[in-house]
Amino acid sequence: MKVTAIILAAGKGSRMNSKISKQYMQLCEKPVLYYSISAFADSDVDEIIIVTAAKDIKYCKEEITEKYFSSTPLKIVEGGNERYESVYNALKTIKADYVLIHDGARPHITKQIINKCIEEVKKTGACITAVPVKDTIKKVKDNTIEDTPDRKQLWQAQTPQCFMYDLIKTGYDKAMEKNDKSITDDAMVVEKYTNTKIKIVEGTYYNFKITTQEDFEFSETIISKRDK
Ligand code: CTP
Ligand code: MG
């Protein structure tokens with residue numbers, strides 16, 4: 001049973017407001033993307049696909065994959081303008097039984113969570129890692145609260161998001177056929193276009209996505225403490 005990881009690194013990082021895309025910023029002397037590849041390389045996945053922008057393929061190869069992961073089965077694929085296009089490009093190029101889709105902007109993912117996800121997806125066919133929300137969440141319109149959903153039912157979706165290959169590919173085929181532009185994660189595709197229930201694998205709060213400057217600062221602290 002072949003398990004393939006797709007690591008997404010084709011975003012522009014507009015909310016980060018930096019010249020270099022966030023996945024290539026230097027975090028404790030290595031590019032952000034290095035850390036998630038490293039966790040997957042140590043895990044039970046059989047193959048890693050990195051999705052990045054055409055202009056970054058050379059850098060990614062020379063400064064990351066050939067430099068640190070020369071003995072890991074790994075391929076680089078060109079991404080698209082939106083996250084879902086990047087995922088779809090990767091899905092179209094692979095042959096696998098299971099896929100784990102991960103944001104390259106989440107450097108604190110661990111081999112332990114990845115392996116827990118692999119075990120679960122082999123049992124259930126679909127799972128994502130997530131954590132319960134800590135704050136009370138408000139639905140807001142025009143700067144005014146409309147509703148307060150029950151916090152006990154709310155979880156923050158993270159990645160990896162893991163599926164049987166045929167399931168996620170069929171879901172994406174349908175979403176792309178419908179030209180659905182609302183997709184922000186992979187579970188959504190399976191929820192909207194298939195009848196499959198998706199399990200939650202409880203993750204950790206460390207596995208946040210670097211989105212804005214302060215996330216980068218927290219990440220530096222986490223990694224320098226871990227390396228001590
Ligand atoms: N991603 C991608 N292809 C895209 C857009 C996003 O591969 N066209 C990747 C990003 O590189 C990131 C992950 O998907 O690892 C999650 O996306 P997000 O945090 O939104 O990153 P960006 O789109 O780069 O950031 P922003 O939305 O602030 O522009
Ligand atoms: Mg984005």
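The model is predicted, so local features need pLDDT of at least 70 and side-chain atom pairs pLDDT 80 or more, while totals for chains, interfaces and linings use all residues. Residues are numbered from 1 along each chain as its sequence is written, chains are lettered from A and ligands numbered from 1 in written order, and side-chain values use heavy atoms, without hydrogens and water.

Ligand 1 has 19 residues around it, each with a heavy atom within 4 Å. Gly13, Ser14, Arg15, Ser86 and Lys209 come nearest. By class, the shell holds four nonpolar, eight polar and seven charged residues; Gly counts as polar, and Asp, Glu, Lys and Arg as charged. Strand 1 (3-9) and helix 3 (83-93) each supply at least two shell residues. Helices (H or I, at least four residues) and strands (E, at least two) are DSSP runs.

Polar contacts are pairs of N or O atoms within 3.5 Å.

| Residue | Protein atom | Ligand 1 atom | Distance |
|---|---|---|---|
| Glycine 11 | backbone N or O | oxygen | 3.0 Å |
| Serine 86 | polar side-chain atom | nitrogen | 2.7 Å |
| Alanine 105 | backbone N or O | oxygen | 3.2 Å |

The protein covers 89% of the 560 Å² of accessible area that ligand 1 has on its own (Shrake-Rupley, 1.4 Å probe).

Strand 10 (residues 155-164) pairs antiparallel with strand 6 (residues 98-103) over four bridges. Pairing requires at least two DSSP bridges. Here isoleucine 101 stands opposite glutamine 161. Strand 7 (residues 126-132) also pairs antiparallel with strand 10, over six bridges. Alanine 126 has phenylalanine 163 as its bridge partner in strand 10.

Technical notes: A polar contact is a pair of N or O atoms within 3.5 Å; within protein, one must be able to donate a hydrogen and the other to accept it, and residues adjacent in sequence count only if both atoms are side-chain atoms.
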